[in-house]
Amino acid sequence: MKKLILLRHGQSTYNLAHRFTGWADAPLTTQGHAQAAQAGELLKEAGLFPQATYSSCLLRARQTAQAVLAGMPYKIPLQTDWRLNERHYGDLQDKTRQEAAHKYGLTAVLSWRQMFFCAPPPAADNAAAYQLVPPGVTPPNGESLQQAQQRALGFFTQVVFPAFARYDVQLVAAHEDLLRALAVYFKNLPPKAVEKLVVPPATPWVMELDKTYHATQDYFLGDPQEIAAFLKRRPE
């Protein structure tokens with residue numbers, strides 16, 4: 001059985017401030033580092049030792065993956081790729097939830113946050129995003145969940161899926177909205193289902209995959225009561 005571990009990063013400074021992060025490169029907080037280290041412990045307790053590990057180019061995901069790898073009994077390299085970055089939140093990036101709602105209205109902000117095909121408006125200045133993509137690549141500027149899913153699946157198709165010919169367990173450290181979008185693919189969900197999906201921070205999400213790389217079952221590692229309480233939330 002091939003297992004893919006999806007891992008949302010731990011708490012970042014932007015999470016703490018309730019800001020839309022997107023491609024803004026916020027680091028983990030002290031709590032976020034502790035959460036990431038605990039994720040590594042949960043994997044060891046479950047006997048899940050990644051043979052290949054990937055993360056987005058963004059610092060919070062890299063720090064999370066590095067904390068997990070630091071606790072493993074062997075060393076493996078961390079491969080990063082911009083296609084695993086969080087969805088680009090366009091003009092919402094750097095704004096608090098209140099600031100975004102004041103500018104655009106709460107209904108619009110919630111639709112961009114929750115719905116699969118809705119994209120936020122582009123940012124007036126997207127220069128920083130060019131530092132996070134290879135030369136010659138035009139970065140996104142305001143993405144729907146569907147658009148973020150498609151670019152991430154390009155990486156999975158080229159790198160992760162072929163690697164299952166050699167590895168049984170692989171780990172991807174990324175971001176909540178991207179993982180919500182990917183769950184629609186892996187779990188064969190209708191797009192509308194994404195509106196109720198949330199992903200706990202630094203909580204290993206194990207996908208047991210069939211030969212078509214879809215999940216036959218999936219589960220989170222950690223305290224069942226805490227996870228159940230978190231999963232009752234709605235994306236805000």
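Me: Which helices each supply at least two residues of the lining of the second largest pocket?

Reply: Please keep in mind that this is a predicted model. A lining can be read by element, and here α2 and α8 (224-231) each supply at least two residues of the lining of the second largest pocket, with the largest share, four residues, coming from α2.

Me: How many residues line the second largest pocket, and which lie nearest its centre?

Reply: The second largest pocket is lined by 15 residues, and those nearest its centre are Pro-200, Pro-201, Ala-202, Thr-203 and Glu-226. Sorted by class, this lining has eight nonpolar, four polar and three charged residues, while the space in the pocket comes to about 320 Å³.

Me: What volume of space lies in the largest pocket?

Reply: The largest pocket holds about 720 Å³ of space. It is lined by 28 residues, of which Arg-8, Asn-15, Arg-97, Arg-113 and Glu-176 are the closest to its centre. Two or more residues of this lining come from each of α1 (13-16), α2 (30-45) and α7 (176-186), and α1 gives the most, with three residues.

Technical notes
Residues numbered from 1 in each chain as written. Predicted model: local features only at pLDDT ≥ 70, side-chain atom pairs only at ≥ 80, totals over all residues. Heavy atoms only, no water. 1 Å grid on protein atoms, 1.4 Å probe; cavity = no way out; pocket = protein on both sides within 12 Å on 5 of 7 lines; lining within 4 Å. Points joined across faces, edges and corners; volume = space filled by probe spheres on them. Nonpolar A, V, L, I, M, F, W, Y, C, P; charged D, E, K, R; others polar.
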